[in-house]
Amino acid sequence: MSTENGYVKIYRDMLDNPVVCKDNDYFRVWLYLLLTASHKGYSAMFNGQKIELKPGQLITGRKSIAEKCNISESKAQRILKSFKIEQQIEQQTGNKNRLITILNWDKYQNSEQQIEQQVNTNKNVKNDKNVKNIKENIKRKVSDYETVINAYTDNEDLINAIYGFIEMRKAIKKPLTENALKLIFNKLDKLSSSEAEKEEILNQSIMNSWQGVFPLKNSAGGIDNGSNKQYNGDDYSDIGWE
């Protein structure tokens, strides 16, 4: 099981990973995931079903992570979202907990050779040149997102909604640039001055897989703020997508 005595390999190059070394909390959560992940397959219950837990997987929850790492549950949730967005982990949520898979676990834990840990877990990386390019791209994207988001708000719920929107855009293969994210924030400011309503607007776009943000629909199916214009997620001319 994940709690058995033993060890995991910790590569020095992990210190160059801007995703897991963003701050002390990120680093603690990453070590927690490494140390509690299964070392060998065994049966476990998840979401009411018996599953075979594979090496590099663990069943946990943001409450458990928050308690073990001495952080807030909202911070734990935000860190897990960041890890997923930057392809460090995959996760499947259940009713009471979640199944987390550490990507490239086999590559780093089972190899007999000293393999330099990469910041991107893309299994198609073949050589040092590609690794270097991927590191620079991830470092730039993480820095851009964090800088823009932190400058825009410190509201935990709104930040979580922003990360959810970023994740959705990646899922539909329309990833955001730094400039596009700024345009989204500008549009949000025009739509509402309430952070709670901005969160709802983002969640509306996430649920509908819309690339942009639009006024909230009222109960009758129209648009709030006195507008009669109907949006379907394709009206982007006023945003200026890149």
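The following questions and answers go through a predicted model of one protein chain.

Me: How are residues numbered, and which cut-offs apply to this predicted model?
Reply: Residues are numbered from 1 along each chain as its sequence is written, and side-chain values use heavy atoms, with hydrogens and water left out. As this is a predicted model, totals for chains, interfaces and linings use all residues, side-chain atom pairs count only at pLDDT 80 or more, and local features need pLDDT of at least 70.

Me: How many helices and strands does the protein chain have?
Reply: Helices (H or I, at least four residues) and strands (E, at least two) are DSSP runs, numbered from the N terminus. From that end, the elements run α-β-β-β-α-α-β-β-α-α-α-α-α. The secondary structure comes to eight helices and five strands.

Me: What share of the 242 residues is buried?
Reply: Buried means under 20% relative accessible area, exposed over 50%, and partly exposed in between, with a 1.4 Å probe and protein chains only. By this cut-off, buried residues make up, of the 242 residues in the protein chain, 45%.

Me: Which strands stand at the edges of the three-stranded open sheet?
Reply: The order in this sheet is S3-S5-S4, and the pairing is antiparallel. Two of the strands have a single partner strand each, so one side of each is left without a neighbour in the sheet; these edge strands are S3 (57-60) and S4 (89-93).

Me: Which residue of S5 stands opposite threonine 93?
Reply: S4 and strand S5 (residues 98-102) run antiparallel and are joined by five bridges. The two strands form a hairpin with four residues between them. Glutamine 92 stands opposite leucine 99 in S5, while threonine 93 stands opposite arginine 98.

Me: Which residue of S5 is the bridge partner of leucine 58?
Reply: S3 and S5 run antiparallel, with four bridges between them. Four of the five residues of S5 are buried, so S5 is largely enclosed by the rest of the structure. The bridge partner of leucine 58 in S5 is isoleucine 100.

Me: Why are H7 and H8 called oblique to each other?
Reply: Axes are lines fitted to C-alpha atoms, for helices over the stretch in contact, and angles run from 0 to 180 degrees between N-to-C directions. Angles under 35 degrees count as roughly parallel, over 145 as roughly antiparallel, 65 to 115 as roughly perpendicular and the rest as oblique. The axes of helix H7 (residues 178-191) and helix H8 (residues 195-208) come within 10 Å and cross at roughly 120°. H7 and H8 are therefore oblique.

Me: What is the relative accessible area of lysine 182?
Reply: Lysine 182 is found in helix H7. Its C-alpha atom is separated by 7.1 Å from that of valine 148, 34 residues apart along the chain. Lysine 182 is partly exposed, with a relative accessible area of 39%.

How values were computed:
Two strands pair if DSSP finds at least two bridges between them.
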